[in-house]
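Good morning, colleagues. Please look at the model on the screen while I speak.

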Amino acid sequence: MSKPVIYVVSDSVGETAELVTKAAISQFNGSNLVLKRFPYVEDKDNIEEVISLVKLDKGMIAFTLVKPDIREYMKQRAAEEGLYACDLIGPLMDQIQNLTGKTPLNEPGLVRKLDEDYFKKVEAIEFAVKYDDGRDPRGILKADIVLVGVSRTSKTPLSQYLAHKRLKVANVPLVPEVDPPEELFLVPPEKCFGLKISPEKLNFIRRERLISLGLNDQASYANIDRIKEEITYFNKVVERIGCSVIDVTNKAVEETANVILYHFQRKG
C-alpha cells in the first residue's frame, strides 16, 4: 500500500507551511506520510499543476498562499475535485485584519526577508565588536565602512549604530606614537571616513571621562596641547588616505551616521 501524500504548497519557499505540517504529523507518529513541497505557486496554472499531482497521488494539500485571489482559487479547485486543502495562513490573516483594522500586504516571502534582514544585522553587530578600536587590522579590508579618529570621537557607538543598518564597520584609533595599520591605506578611500573634532570639545569630553573613572582630569590624555598634537597627526593620516572627513564636534551619533550613510550610498 502506498504512503499517503501531503503536498505542501506555498507562494514562497514553503518553509513555514512545511514546518506547520510536520508539527501536525508529529502528533500521529509520522503515520508513514510523505511530504512533497511545491514552492513558488504564483498563478492559476501553478494551482492546476498542483491539483493534477494531488489527484494522481490521492493526497491532500496544506498551503500558505497570501494573495487572496490565488488562495480562493486553490480552495475552489480543490473543492471541485473533491480534494482536501488546508489553508494554514488565510484564517489567521483574516483574524489579524479584524483585530487591527489593517489590510495585509499580501506579499509572498516576507518572513524570509525579515529573517535575512535580522541575521544580516546580527552579523554586522558581531563584526563591529570584533573589529572595534583597531584590535584586528584584518577587518579593515573586510569592512563596508572604516572609521578613523583620535580617542573619544564616538567611533564605537557610531560603529554599532551603523551595524544596526546592516553595515559592517571597523574603526581605527589614531595615536601619534603608533603607526596606523598598513591596511588603512589599501582600503578604497570612499569606504573610509575620518572623524574630526575641535580641540576644545575633545578636551571637555576627555576631562569628563577621566572624572567619571575617578581619575585626575589633568592627565596628559586631556591636556589641550597633547590633543592638538593628536589632531595634527589625524589630519596627516586622513590626507594620506584621501577619505572624507566629518566634523563631529557638535553632532549626535545619529547625525554623523546619516552623513556617512548619504555619502556611502551615493558613492556605492
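This is a predicted model: local features need pLDDT of at least 70, side-chain atom pairs count only at pLDDT 80 or more; totals for chains, interfaces and linings use all residues.

Let us begin with the helices. Helix α2 covers residues 44-57, and helix α3 covers residues 68-80. Their axes lie 10 Å apart, and the two helices pack at an angle of about 30°. Angles under 35 degrees count as roughly parallel, and α2 and α3 are therefore roughly parallel to each other. Their crossing is right-handed.

Which residues meet in this contact? From α2 come Lys-44, Ile-47, Glu-48, Val-50 and Ile-51, and they meet Ile-70, Tyr-73, Met-74, Arg-77 and Ala-78 in α3.

I turn now to the largest pocket, which has a volume of about 710 Å³. It is lined by 29 residues, and the closest to its centre are Val-66, Ile-89, Glu-107, Leu-110 and Val-111. Helices α1, α4 and α5 each supply at least two residues of this lining. The largest share, 6 residues, comes from α5. The lining of the largest pocket comprises 12 nonpolar, 10 polar and 7 charged residues.

Finally, the second largest pocket holds about 440 Å³ of space. Of its 28 lining residues, Ser-151, Arg-152, Thr-153, Ser-154 and Lys-155 lie nearest its centre. The elements that give two or more residues to this lining are α7, α8, α9 and α10. Which of the elements gives the most? That is α7, with 4 residues. The lining of the second largest pocket divides into 12 nonpolar, 7 polar and 9 charged residues.

Key
Residues are numbered from 1 along each chain as its sequence is written. Side-chain values use heavy atoms; hydrogens and water are left out. Axes are lines fitted to C-alpha atoms, for helices over the stretch in contact, and angles run from 0 to 180 degrees between N-to-C directions. Angles under 35 degrees count as roughly parallel, over 145 as roughly antiparallel, 65 to 115 as roughly perpendicular and the rest as oblique. A crossing is left-handed if the near helix is turned anticlockwise from the far one by less than a right angle, and right-handed if clockwise. Contact means heavy atoms within 4.5 Å. On a 1 Å grid over the protein atoms alone, a cavity is a set of points where a 1.4 Å probe fits but cannot get out, and a pocket is an open set with protein on both sides within 12 Å along at least five of seven lines; lining residues have an atom within 4 Å of a point. Grid points are joined across faces, edges and corners, and a volume is the space filled by probe spheres set on the points. Ala, Val, Leu, Ile, Met, Phe, Trp, Tyr, Cys and Pro count as nonpolar, Asp, Glu, Lys and Arg as charged, and the others, Gly among them, as polar.
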